[in-house]
Amino acid sequence: MSFEFSLNHFFDSNMPSSTLTINEQVKARWANGERLLHLGFGESRFAVHKKLRSALCEHSVEKSYLPSKGYAPLCESVARYYGDKLKLDFESSLVMIGPGSKALIYALQLALKADLFLPTPSWVSYAPQADLLGNRHFYIPQSNQLGFEFELSALDALVKASGNERKLLIINSPNNPTGQMYSTEFLEELAKYCRQQKILIISDEIYGLVQHGKIEHHSIATFYPEGTLVLGGLSKHLSIGGWRIGVALLPNTPSGRKLMAALEVIASEIWSSVATPVQFAAQVAYSNDDDIETYIKTCTAIHGVRTQFLYSGLTKLDIRCAYPNGAFYLAASFDHWKPQLKLLGIQTSAQLASYLLDTHDLATLACDSFGMASDQMTLRLASSYLDMERDEDSQRLIDLFESNIDHDVFMSRQHHPNMHAALDGFELFVRGLADTR
Ligand SMILES: Cc1ncc(COP(=O)(O)O)c(C=O)c1O
């Protein structure tokens with residue numbers, strides 16, 4: 001006997017997160033013996049630092065639940081660590097530990113039940129989380145086709161259109177998908193506007209320690225401490241995304257304390273607490289240990305050299321991207337080839353991504369899932385996987401980098417064959433386009 005039951009309407013039209021999907025597709029095709037150049041997934045591939053490995057092993061015997069809010073000494077370390085890095089004061093009772101910052105962002109959206117404003121492009125999960133919760137979201141138009149900047153007037157127009165008293169803006173700098181960072185001047189202006197309009201900000205700073213360009217990372221909490229929720233974690237700068245741990249640092253105000261109480265309710269009803277051994281190991285990661293801090297700097301420098309190499313290579317091919325100052329992404333625009341792409345039957349970024357996958361073995365991610373119009377020909381390219389597909393490859397690259405090798409030699413075809421092969425693939429593709437002009 002069959003029983004046809006129905007689901008939340010959200011699932012009629014929504015697929016799993018596009019970033020995780022492309023990663024699973026690539027892994028399945030690799031397992032099948034196919035050769036694919038993986039620019040589709042932003043996963044930092046460096047080895048787990050040995051002090052973290054030892055801490056995790058040592059605490060594997062810890063089997064009891066911890067408080068839903070997080071292990072108290074860890075909350076203290078987290079408050080101290082981000083306080084030092086961001087030159088701000090954080091209160092440990094207002095630190096929440098969650099199973100990844102993604103889950104914490106969802107919990108915050110659940111607790112706040114606000115209209116959500118997002119720069120275009122924005123990371124893939126913010127808007128679907130709002131949709132899952134039945135919250136409205138609004139994408140703020142880009143002020144520059146290649147970047148994530150927006151005009152305050154564009155935000156203001158949407159805020160007026162929303163009319164909702166509860167307003168939430170999520171910003172992410174250093175940024176996924178563009179690799180850009182907001183200037184302090186912009187953050188200061190934005191903070192002023194949000195304070196006037198009583199807009200709460202989630203400042204997603206998961207790439208805050210992966211800053212490799214000319215701009216220093218500053219949190220908007222510097223200018224708007226009472227209205228900023230700072231989100232972070234260890235997934236990116238310590239390459240332990242699979243350990244699933246993230247942190248939220250809330251404002252030290254009556255509302256901040258109410259929000260913490262709400263998060264504790266959500267955590268206690270959904271995930272109870274983050275894995276105990278992971279929290280103990282995270283305490284080492286947040287202890288300001290010299291070796292770990294040096295490791296973070298080395299990994300970040302390598303991300304920088306690799307991402308900037310990809311940027312230069314693409315720019316030489318007239319594939320247009322904003323300059324990356326952080327993270328390990330580029331948002332590459334092919335808009336100026338729209339007529340040629342049309343001749344190939346390509347009219348959306350998703351079709352472009354499929355074409356590159358099928359014909360050039362290039363796995364990329366269409367930026368329509370980052371809130372861009374589907375006919376805007378932008379692809380997100382992650383630099384983090386190429387030539388680090390296997391653990392031994394990333395170790396080889398770290399060892400080479402630490403030998404003080406010249407950066408041009410480091411990025412040569414000998415040491416980065418797949419990075420070069422990816423650029424060759426793009427060159428072949430755009431040459432073909434140019435020939436149809
Ligand atoms: C911009 C951004 N925010 C948040 C996350 C979530 O990270 P995690 O849940 O591993 O802390 C990611 C992961 O890809 C990301 O790119």
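Student: Gln351 lies in helix H13 (residues 349–360). What makes this run of residues a helix, and why is Gln351 called partly exposed?

Tutor: The model is predicted, so local features need pLDDT of at least 70 and side-chain atom pairs count only at pLDDT 80 or more, while totals for chains, interfaces and linings use all residues. Residues are numbered from 1 along each chain as its sequence is written, and side-chain values use heavy atoms, with hydrogens and water left out. Helices (H or I, at least four residues) and strands (E, at least two) are DSSP runs, numbered from the N terminus, and H13 spans residues 349–360. As for exposure, buried means under 20% relative accessible area and exposed means over 50%, with partly exposed in between (1.4 Å probe, protein chains only). Gln351 has 36% relative accessibility, and therefore counts as partly exposed.

Student: How do you know which residues Gln351 is in contact with, once its neighbours within four places in sequence are left aside?

Tutor: Contact means heavy atoms within 4.5 Å, and by that criterion Gln351 is in contact with Gly345 and Ile346. Its side chain also reaches the backbone nitrogen of Gln347 at 2.5 Å. A polar contact is a pair of N or O atoms within 3.5 Å; within protein, one must be able to donate a hydrogen and the other to accept it, and residues adjacent in sequence count only if both atoms are side-chain atoms. Leu20, by comparison, is 331 residues away from Gln351 in sequence and 18 Å away in space, C-alpha to C-alpha.

Student: Asp361 is found in the loop between H13 and strand E10 (362–363). Why is Asp361 called partly exposed, and which residues is it in contact with beyond four places in sequence?

Tutor: The relative accessible area of Asp361 is 28%, so this residue is partly exposed. Leaving aside neighbours within four places, Asp361 is in contact with Arg35, Leu36, Leu37 and Leu356. The C-alpha atom of Asp361 is separated by 11 Å from that of Phe429, 68 residues apart along the chain.

Student: What makes E9 a mostly covered strand?

Tutor: Strand E9 (residues 329–333) has five of its five residues buried. Both faces are covered, with Tyr329, Ala331 and Ser333 buried on one side and Leu330 and Ala332 buried on the other.

Student: How many residues surround the ligand, and which are the closest?

Tutor: A residue is near a molecule if one of its heavy atoms lies within 4 Å of it. The ligand is surrounded by 13 residues, the closest being Ser101, Asp204, Tyr207, Ser235 and Arg244. By class, this shell has four nonpolar, five polar and four charged residues, where Ala, Val, Leu, Ile, Met, Phe, Trp, Tyr, Cys and Pro count as nonpolar, Asp, Glu, Lys and Arg as charged, and the others, Gly among them, as polar.

Student: Which N or O atom of Lys102 lies 3.0 Å from an oxygen atom of the ligand, one of the backbone or one of the side chain?

Tutor: In Lys102 the atom is a backbone N or O. The protein covers 92% of the 390 Å² of accessible area that the ligand has on its own, an area that comes from the Shrake-Rupley method with a 1.4 Å probe; for residues, only the protein chains shown count as cover.
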